[in-house]
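Please examine the sequence and the structure shown below. The paragraphs that follow lead through the structure step by step.

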Amino acid sequence: MAEKFDNLEEHLEKFIENIRQMGIIVSDFQPSSQTGLNQKLNFMITGLQDVEKCRQQLNDIHVPLEAFEYIDQGRNPQLYTKECLERALAKNEQVKGKIDTMTKFKSLLITELGKVFPEEMAKYKAIHGDDPPS
């Protein structure tokens, strides 16, 4: 998979460099540079075709829109990944805390119900595989 990204990156870099060179030619256009400009235009078309071929190989890749918003804001898109992981970790800790609390509550509830309803709780424990009834 990495080679597909490397291939796309290489084609994009060539395309960008070609556009840069074409911009130089156009900014100081002389009739004698028409041949060079035509050649750069043909390279641009070929470059777009190469990028299109790479795009078809990476069709199953989906980038979240938020990552593009980071880029538009001038931020590193890797920060998006970092922040997503941090949010997931925080949410995971929160859910783990809730699970731990509910487990403790269940244990205390069973203990207290066992004091009030010993026979019923013995049956409950027998059904759920806890302590067998005595």
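**A guided reading of the model**

In helix H2, the buried residues are Leu-37, Lys-40, Gly-47, Val-51 and Cys-54. Here "buried" stands for under 20% relative accessible area, "exposed" for over 50%, and "partly exposed" for values in between (1.4 Å probe, protein chains only). Helices are DSSP runs of type H or I with at least four residues, strands are runs of type E with at least two, and both are numbered from the N terminus. The model is a predicted one, in which local features need pLDDT of at least 70 and side-chain atom pairs count only at pLDDT 80 or more, while totals for chains, interfaces and linings use all residues. Residues are numbered from 1 along each chain as its sequence is written, and side-chain values use heavy atoms, with hydrogens and water left out.

Against what do the buried residues of H2 pack? They pack against H1, where contact means heavy atoms within 4.5 Å. In H1 the buried residues are Leu-8, His-11, Phe-15, Asn-18 and Met-22.

His-11 is placed in helix H1 and has a relative accessible area of 17%, so it is buried. When residues up to four places away in sequence are not counted, His-11 touches Asp-50, Val-51 and Cys-54. Val-51 and Cys-54 are among the buried residues of H2.

The lengths of these two helices can be checked by a simple rule: the expected span of a helix is 1.5 Å times one less than its number of residues. Helix H1 covers residues 2-27, and its 26 residues should therefore span 38 Å. The end C-alpha atoms of H1 are 37 Å apart, which agrees.

Lys-53 belongs to helix H2, and its relative accessibility of 52% is the reason why it counts as exposed. Asp-28, in the loop between H1 and H2, is exposed because its relative accessible area is 53%.

The next topic is charged side chains. How many salt bridges does the structure hold? It holds seven, a salt bridge being a side-chain nitrogen of Lys or Arg within 4 Å of a carboxyl oxygen of Asp or Glu. One of them joins the side chains of Glu-10 and Lys-14, at 3.3 Å from N to O. Both residues lie in helix H1, four residues apart, which is about one turn of the helix. Glu-10 is partly exposed at 40% relative accessibility, whereas Lys-14 is exposed at 51%.

Helix H4, residues 77-116, holds Glu-86 and Lys-82, which are four residues apart and so separated by about one helical turn. The two form a salt bridge whose closest N and O atoms are 3.8 Å apart. Glu-86 is partly exposed at 44%, and Lys-82 is partly exposed at 47%. Also in H4 are Lys-115 and Glu-112, three residues apart, about one turn of the helix. Their side chains meet in a salt bridge of 3.3 Å, N to O. Of this pair, Lys-115 counts as exposed at 59%, while Glu-112 counts as partly exposed at 42%.

The surface also carries a nonpolar patch, formed by Phe-5, Ile-61, Val-63, Leu-65, Phe-68 and Ile-71, with about 550 Å² of accessible area together. Patches are made of residues with over 30% relative accessible area and no salt bridge; like charges are joined within 9 Å, and nonpolar side chains (Val, Leu, Ile, Met, Phe, Trp, Tyr) within 5 Å. Accessible areas come from the Shrake-Rupley method with a 1.4 Å probe, and for residues only the protein chains shown count as cover. Helix H3, residues 65-72, gives the largest share of the patch, three residues. Val-63 is found in the loop between H2 and H3 and is partly exposed, with a relative accessible area of 46%.

Finally, the chain may be viewed as a whole. It is divided into domain 1 (1-61) and domain 2 (66-133), with bounds from an automatic or database domain assignment. The C-alpha centres of the two domains lie 52 Å apart. Asp-28 and Phe-117, 89 residues apart in sequence, are 94 Å apart in space, C-alpha to C-alpha.
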